[in-house]
Amino acid sequence: MSCYRSIIKSVGGYLPEKKMTNADLAKLVDTSDSWITERTGIKERHIAAEGEKTSDLALHAARQAIERAGIVPTDIDLIILATSTPDQTFPATAVTIQAELGIVEGAAFDLQAVCSGFVFAVTTADQYIRSGQAKRVLVIGAETFSRILDWEDRTTCVLFGDGAGALVLEAEERDERPDIGIMASRLRSDGRYRDKLYVDGGPSSTQTTGFLRMHGREVFRHAVTNISDVIEETLEASNFSVSDIDWFVPHQANERILAGTAKKIGLPMEKIIMTVAAHGNTSAASIPLALNYGVETGKIKKGDLVLLEAMGGGFTWGAVLLRW
Ligand code: UT7
């Protein structure tokens, strides 16, 4: 019996021009390059220019991915944008991207799972393709977290950056269980921890946008265990093991979390695509940006087995195993 599989056609990425180093931050708050580097591995991050919106970043990444896929925008029948920093409360920023790309058919929507947003969006796109409801999906992770940071709070403002990344997925009809494209994914949420990482505003509560607040140590405490568990479930579902993985492309929150996860699952550090030093934590954009970096630097090649994972506010967490 034949079935549809989601093939990865291309990736694109975009980082705003302006860079902010740890030294720049030390002029704003009581921090230092050595504290930020030791605790997080971050050296610099990109910050959107005044007036530059999440949709602007997303469009750069999307256009690059579309061109690299060798298709035109109107070939796309579904756009899923993972973001927690939309241009407006509504409409979905995805429809702005759709209109700017000149697409008038199919559907476009935003998906909100904070730093796990891209993993949730890829999994959702895969379900649309597997069920035969979509042929070509543009999956984007784009954020302007600089807009929701409290620039006087040193415990959070040093951690995040802006950026966007995009993937084009295409349906391919194949024999049952072929070893191609997206092979398995697992998503998890546990709302009991929703007050550990949140924004203290919103349309129905304060009628303001609010600022990001985080109990960093609490998030850290759960991260490695949650991530390792969901990776194990994903590998089990696909009959692969850690030793089969060519590249581990995790959400880039903190170098120590990535190293801790790699150690726990028994994966060598050389197999991690690491961009946290140059990008900071770009939330839903961090995985597609890391994929873009991996492909552009010639590390990730066609046929490689790639494991994505993320954990973020909610808590939400998840993993995706795919053949590039
Ligand atoms: O992407 C979503 C998921 N988010 C994450 O995965 C983030 C998870 N958490 C983390 O990565 C870490 O918890 C942080 C990097 C946020 C913090 O590292 P930590 O080792 O957990 O530090 P801490 O919060 O325990 O703070 C240690 C000390 C405190 O001082 P005292 O109380 O020991 O005197 C903080 O006030 O470091 C102080 N501190 C700072 N010092 C200089 C906190 N932020 C800063 C700063 N510069 N920017």
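This is a predicted model: local features need pLDDT of at least 70, side-chain atom pairs count only at pLDDT 80 or more; totals for chains, interfaces and linings use all residues.
The chain is divided into two domains, with domain 1 spanning residues 4–173 and domain 2 spanning residues 181–323. The centres of domain 1 and domain 2, taken over C-alpha atoms, are separated by 14 Å. Across the boundary between the two parts, 54 residues of domain 1 are in contact with 49 residues of domain 2. The size of an interface is often given as the accessible area lost when the parts come together.

The ligand lies between the two domains, because both domain 1 and domain 2 give residues to the shell around it. This shell consists of 23 residues, of which the closest to the ligand are Thr31, Arg154, Arg217, Asn254 and Asn281. When the shell is sorted by class, 11 of its residues are nonpolar, 7 are polar and 5 are charged.

Several individual contacts to the ligand can be described at the level of atoms. A polar atom in the side chain of Thr31, which is one of the closest residues, lies 2.7 Å from a nitrogen atom of the ligand. Oxygen atoms of the ligand also take part in such pairs: one is 3.2 Å from an N or O atom in the side chain of Trp35, and a polar side-chain atom of Arg256 lies 3.1 Å from an oxygen atom of the ligand. Taken on its own, the ligand has 960 Å² of accessible area, and the protein covers 76% of this. The elements that give two or more residues to the shell are helix H2 (33–40), helix H6 (154–157), helix H7 (216–238) and helix H8 (255–265). Among these helices, H7 gives the most to the shell, with 4 residues.

A cis peptide bond, with omega of about 5 degrees, joins Phe90 and Pro91, and Pro91 is found in the loop between strand E4 (78–82) and helix H4 (93–100). Another cis peptide bond joins Gly314 and Phe315, where omega is about -15 degrees; Phe315 is placed in the loop that runs between strand E12 (305–312) and strand E13 (316–323). Finally, Val114 has a positive phi of about 50 degrees although this residue is not a glycine, and Val114 lies in the loop between strand E5 (107–111) and helix H5 (117–130).

Note on methods: Residues are numbered from 1 along each chain as its sequence is written. Side-chain values use heavy atoms; hydrogens and water are left out. A residue is near a molecule or strand if one of its heavy atoms lies within 4 Å of it. A polar contact is a pair of N or O atoms within 3.5 Å; within protein, one must be able to donate a hydrogen and the other to accept it, and residues adjacent in sequence count only if both atoms are side-chain atoms. Accessible areas come from the Shrake-Rupley method with a 1.4 Å probe; for residues, only the protein chains shown count as cover. Ala, Val, Leu, Ile, Met, Phe, Trp, Tyr, Cys and Pro count as nonpolar, Asp, Glu, Lys and Arg as charged, and the others, Gly among them, as polar. Domain bounds come from an automatic or database domain assignment. Contact means heavy atoms within 4.5 Å.
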